[in-house]
Amino acid sequence: MPVQATALPATLEIRSFVVGSSADIPPGQRKIINIPGIGEVGVFNIRGEFFAVRNVCPHQGGPMCRGKLTGTTRACFIPGTRPELEYIRDGEILRCPWHAWEFDIRTGEALFGERTRVVVYDVHVEGGEQVPPPDNGEAPGNAEIYPVAVQGGRLVIELGGRRASRMATRSGESADAG
Amino acid sequence: MRVDAAMHPVVTKSSDLRTWLKEPWRSTGLPEAVNRDLMRPKTPWYAEGSKPASGFAGSDPKLARRVLLEEGDLDYVVLLPLTRGMMPNLRREVATAAATNEWLAATWLSPEHNPDGRFKGTIRIVPRSPRDAIVEIERWAGHPHFVQVGVPLATHLPYGRQEYLPVWEAAARHGLPVAVHDDGGGIGIEFPPTCVGYPTTFIEAFSMRPFNAAIQLSSLICEGVFEQVKDLVFVFADGSFDVAGPMLWRLDKDWKAARSDIPWTEHLPSSYLKDHVRFVLQRWDGPGGSDDLAKALDIWNGAELVMYASNYPHWDYLPPQGALADLPGQTRDAIMGGNAAKLYRLNQAAAPEMAEHV
């Protein structure tokens, strides 16, 4: 059966949820938390950028957030011979551990299209200390601007945000025995 | 418009093809024109009323014209001759395909036997020899009555493989669909007729054959051929509509998980059928009852994808009279000729005999 996104009860007042300190989820790590009224949500730190994904695959309800973060491919057509493939978007594609469907962690959209998507939420870091990257030993004084990472701020998931409103509303999809 | 999308003409006797074979092949061995390796459930092996006083069934254009065009009330018949299968000597196989085309043009498609242009022909090629295949396509593409290219169902490499790409490009460039049909047995270098080995009896060989067509279709889709050659159309002219449907369900489902292996297959596998694939409906393609057949056609968009064929003069000949009579009118009209007319660009005005009735 298709999995319908659970609508938020009208009386629910939670609009955002504090996950904890952003330092608890270093780059490359993830944490699955339980939000009252929502259920499990996976929070991912991808190269310093945070993402939150509801832990329910729109296909058959699989635990999305335990899936592998990978890249995907795109075709390069070459006249007169077979097409080749190019590996792209490393680490930005979340594959459901049940049937390996690919989802774009930025938008929640399934890569095969058909308007299939997993619910994703906006995440931001409040407060915290902005720190430059560690000194790499280069001579100081050049004009290069270093990126600034947020360390130790409060990691907040917006539950009623723009992305959350685009919940998975798929219908007519038959069950997959695969 | 009523069109027979696959009828199988044959020479009067096997050695007749030598007239059109170039040397040294004319003077050397040649496989038989009619293969009798498996015992068909019926003797004789051919359709009633298809055998002239002398010569093979299906060898007389006048008889075929009477049975199909006059008594059968068809507007056009697409002739799809078989070419005696894969041969160890590729040169001989290429020469045999070329001779088959010369023969068809000089006989069935000649002004004598085809004054009104209602016989349409198939350019037989050997796709496993791409350079020769392209030469043969170029040789006949300008002929007014060759409307498609014909390739064998049996291969050593499935048709999606890059080796064939220049051949498919040549066909598409000339607006010629590529028809896939079993080539009648061969003389021993084909793979077994099923992927798992040799069947024992005719029923196994015959009823399992369409699975090979489904595999060829899967190869074309999964190798991205229809993305690479945008105007290419394949006609599965030997059944397989009934087995292709469930295979496409499976492909569609697995594509959602495995599409990153084949990013050139940019769309749902089944979505390529509409623009790139047609099936010839054989007697057994689909469930038995006519209500169920209508349902099956609906599920897989048969009204758009399927074309009637008589399979004359083979034993399972489906006469055009009353064929598919139980189908809903619009679906029946499309399958009985509308789809073929569109694909092969046939119109009634093109047939002089018919012109006065338009």
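## Basis of the description

Residues are numbered from 1 along each chain as its sequence is written, while chains are lettered from A and ligands numbered from 1 in the order in which they are written. Because the model is predicted, local features need pLDDT of at least 70 and side-chain atom pairs count only at pLDDT 80 or more, whereas totals for chains, interfaces and linings use all residues.

## Chain A

Chain A has one helix and 11 strands, where helices (H or I, at least four residues) and strands (E, at least two) are DSSP runs numbered from the N terminus. Read from the N terminus on, the elements of chain A run β-β-β-β-β-β-β-β-β-β-β-α. Of its 178 residues, 26% count as buried; a residue is buried if 20 or more other C-beta atoms lie within 10 Å of its own, exposed if 12 or fewer, and partly exposed in between, with C-beta atoms placed from the backbone. Among contacts in chain A between residues at least 6 apart in sequence, 55% join residues at least 24 apart, a contact being a pair of residues whose C-beta atoms, placed from the backbone, lie within 7 Å.

## The contact between the chains

The contact takes 18 residues from chain A and 15 residues from chain B. On the side of chain B that touches chain A, the elements that give two or more residues are α4 (165-173) and α7 (241-258) of chain B, and α7(B) provides the largest share, five residues. By class, this side of chain B has six nonpolar, four polar and five charged residues; Ala, Val, Leu, Ile, Met, Phe, Trp, Tyr, Cys and Pro count as nonpolar, Asp, Glu, Lys and Arg as charged, and the others, Gly among them, as polar.

## Helices α5 and α7 of chain B

Helix α7(B) also meets α5 (residues 202-222) of chain B: the two axes come within 9 Å and cross at roughly 40°, with axes taken as lines fitted to C-alpha atoms, for helices over the stretch in contact, and angles running from 0 to 180 degrees between N-to-C directions. That angle makes α5(B) oblique to α7(B), since angles under 35 degrees count as roughly parallel, over 145 as roughly antiparallel, 65 to 115 as roughly perpendicular and the rest as oblique. The crossing of α5(B) and α7(B) is right-handed, a term used if the near helix is turned clockwise from the far one by less than a right angle, and left-handed if anticlockwise.

On the α5(B) side, Pro210(B), Phe211(B), Ala214(B), Leu217(B), Ser218(B) and Ile221(B) take part, and they meet Asp242(B), Val243(B), Ala244(B), Met247(B) and Leu251(B) of α7(B). The residues of this contact divide into nine nonpolar, one polar and one charged.

## The sheet of chain B

Chain B holds an open sheet of eight strands in the order β1-β2-β3-β4-β5-β6-β7-β8, with parallel pairing; two strands pair if DSSP finds at least two bridges between them. Strands β1 (3-7) and β8 (306-308) of chain B stand at the edges, each with a single partner strand, so one side of each is left without a neighbour in the sheet. From one strand to the next, the twist averages 30°.

Within this chain, two bridges join β2 (residues 76-79) to the parallel strand β3 (residues 119-124) of chain B, and the bridge partner of Val78(B) in β3(B) is Lys120(B). Helix α5(B) packs on the sheet, where it touches β5 (178-181), β6 (234-236) and β7 (277-281) of chain B, and its direction makes about 160° with that of β6(B).

Most residues other than glycine have a negative phi, and most peptide bonds are trans. A cis peptide bond joins Glu23(B) and Pro24(B), with omega about 5°, and Pro24(B) is placed in the loop between β1 and α1 (61-71) of chain B. The peptide bond from Tyr312(B) to Pro313(B) is cis as well, with omega near 5°, and Pro313(B) is in the loop between β8 and α11 (329-343) of chain B. Arg115(A), which is not a glycine, has a positive phi of about 55°; it lies in the loop between β7 (102-104) and β8 (120-126) of chain A and counts as exposed, with 10 C-beta neighbours inside 10 Å.

Tyr159(B), in the loop between β4 (146-152) and α4 of chain B, is buried, with 24 other C-beta atoms within 10 Å. Leaving aside neighbours within four places in sequence, Tyr159(B) is in contact with Tyr164(B), Gln216(B), Ser219(B) and Leu220(B).

Conventions: Contact = placed C-beta atoms within 7 Å.
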